[in-house]
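Trainee: Please take one part of this chain and go through it closely with me. After that, I would like to hear about other parts of the chain.

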Amino acid sequence: MALITHIDADAFFAAVEQAADPRLRGRPVAVGGNRRGIVASASYEARRYGIYTPMPTARARQLCPHLVLLPGDFEKYEQFSRWMFSYVYDFTPTVEICSIDEGYGDLTGARHPPLEIAATIRDAIRQALKITVSEGVGTSKLVSQIASKLRKPAAFEYVPPGHEVSFLNPLPNRWLPGVGPQTAARLNAAGLACIRQIAATPTDLLGLLVGRAAPQLHQFAQGVDPRPVVPRNAPAQSYSQQETFAQDQTDEPRLRAVLRRMADHLFARARAEGHSVRTLTVRIRYNDMAEDQAAESLVEPTDLETDVYSRLDRLLDRAWRRRVSLRLVALKLSHVYTGGYGAELPLDRPAQQRDARRRLADVIDQLRTQYGHTVLRRGHDFLLAATPTASEPVSQ
Ligand SMILES: [Mg+2]
């Protein structure tokens, strides 16, 4: 029998700002991207004024004129995240970091009683980092994750073995993974507002409402979730692609185009998984097999390739230190963020332009999924098509 803890920091970005600057404690604080004009995180003091994420920062200021609005400091959040998870690693090597402020720890077979461990982790984070987490402990990822989020902030919920079904039964359907607002509305309309009702519905009938997700949803509703905790580091999570050339390359415009095309592929994958990224790394291999690389971190995570095209040009310049022809170029996107950066409300003009580019990217993703990458070509695709090489990009 597995025993898993799920840890979810409360109002993470805002809480880190309050931890780092005692003058901000007890005050309404929001972290909002300057570029986007959207609240990315709001302290619980700010939430009392009706401020939530994602909300336009202008609206947040109306609701709370003395709101402390800060630009994001993602270096700081990543540092706090590493510290936070280090307390989980103290008790188990099996830690799956899902996002900057959420993850699972497998406490099965731990040397101390699991509930004692869970309490120690919570207390250590609160005392050392001055932020709070909510924690859920249960026999599966499903149950522990829901338990941690049920009564935030600074909450702890334990679902003992054998109590999974009675714990899930009365909860609204939106608590099940994969049930977003649209699916929830469809399930509600069919009289399946609670998890109990989904559990009692035959899978083929559920299929009429949610399609291929029905078997998984039915299992979850019955408290069945065999997914193991997979040891994984957030920094290890990345999107990368490399291309080895059949002939060594010196053509800079062509190499820039190769990198842009890689960005197109990698960002499409990131978007499909609901991720944004903050760090770009360009790596090159010379014809004598020596390598160089250059990396850059953005101020804020993004999920749009069009945000990084010109940065890729500069990174290639920086990485290509020796005037020697290249055998390989590679692009890696790392510091992956989940959620909060895909959904944004267009407010000012830059935000509207971003929103338009974001919607365009979604349309391009759909077209390319259906008809292949070449259904729509950007300038660099034409350049590459005009001078084809025998090489094929390899994704990781
Ligand atoms: Mg959180």
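**A helix with two partners, and beyond**

Mentor: The helices α12 and α13 are oblique to each other, a word for angles that are not under 35 degrees (roughly parallel), not over 145 (roughly antiparallel) and not from 65 to 115 (roughly perpendicular). Please keep in mind that this is a predicted model, in which local features need pLDDT of at least 70 and side-chain atom pairs count only at pLDDT 80 or more, while totals for chains, interfaces and linings use all residues. Residues are numbered from 1 along each chain as its sequence is written. Helices (H or I, at least four residues) and strands (E, at least two) are DSSP runs, numbered from the N terminus.

Helix α12 covers residues 252-272 and helix α13 covers residues 309-319, and their axes come within 10 Å and cross at roughly 130°. Such axes are lines fitted to C-alpha atoms, for helices over the stretch in contact, and the angles run from 0 to 180 degrees between N-to-C directions. On the α12 side the contact is made by Leu255, Arg256, Leu259, Arg260 and Ala263, and on the α13 side by Tyr309, Leu312, Asp313 and Leu316, where contact means that the C-beta atoms, placed from the backbone, lie within 7 Å. This contact has 6 nonpolar, no polar and 3 charged residues; Ala, Val, Leu, Ile, Met, Phe, Trp, Tyr, Cys and Pro count as nonpolar, Asp, Glu, Lys and Arg as charged, and the others, Gly among them, as polar.

Helix α12 also packs against helix α15 (residues 379-386), with the two axes 9 Å apart and at an angle of about 120°, and α12 and α15 are therefore oblique to each other. Here α12 passes its partner α15 in a left-handed crossing. From α12 come Pro253, Arg254, Ala257, Val258, Arg260 and Arg261, and from α15 come His380, Asp381, Leu383 and Leu384. Sorted by class, the contact of α12 with α15 has 5 nonpolar, 1 polar and 4 charged residues. Arg260 is listed in the contact with α13 and in the contact with α15.

Now to the strands β10 and β12. Strand β10 (residues 275-286) pairs with strand β12 (residues 326-338) in the antiparallel sense over 11 bridges, and two strands count as paired if DSSP finds at least two bridges between them. Strand β10 is also joined to strand β11 (residues 291-302) by 8 bridges, again antiparallel. Arginine 285 shows both pairings, for it stands opposite leucine 328 in β12 and has glutamate 291 as its bridge partner in β11. The hairpin of β10 and β11 has 4 residues between the strands, and methionine 289 there takes a positive phi near 80°.

To place these elements in the whole chain, notice that it is divided into domain 1 (4-158), domain 2 (164-221) and domain 3 (239-395), with bounds that come from an automatic or database domain assignment. The centres of domain 1 and domain 2, taken over C-alpha atoms, are separated by 28 Å. Their contact takes 5 residues from domain 1 and 5 residues from domain 2, and helix α6 (residues 141-149) gives the largest share of the domain 1 side, 3 residues.

Another sheet deserves a look as well: it is open, has 5 strands in the order β5-β6-β1-β7-β8, and its pairing is mixed. Because β5 (95-99) and β8 (156-158) stand at the edges with a single partner strand each, one side of each is left without a neighbour in the sheet. Strand β7 (residues 133-138) runs parallel to β8 and is joined to it by 3 bridges, and glutamate 135 stands opposite phenylalanine 156 in β8. Helix α4 (residues 74-89) lies across β1 (4-9), β5 and β6 (102-106), running at about 155° to β5.

Lastly, look at the backbone in a few loops. Most residues other than glycine have a negative phi, and most peptide bonds are trans. The bond from threonine 53 to proline 54, however, is cis, with omega near -10°, and lysine 152 and proline 153 are likewise joined by a cis peptide bond, with omega about -5°. Proline 153 is placed in the loop between α6 and β8. Lysine 130, in the loop between α5 (114-129) and β7, has a positive phi near 60°.

Technical notes:
Contact = placed C-beta atoms within 7 Å. Left-handed = near helix turned anticlockwise from the far one by under 90°.
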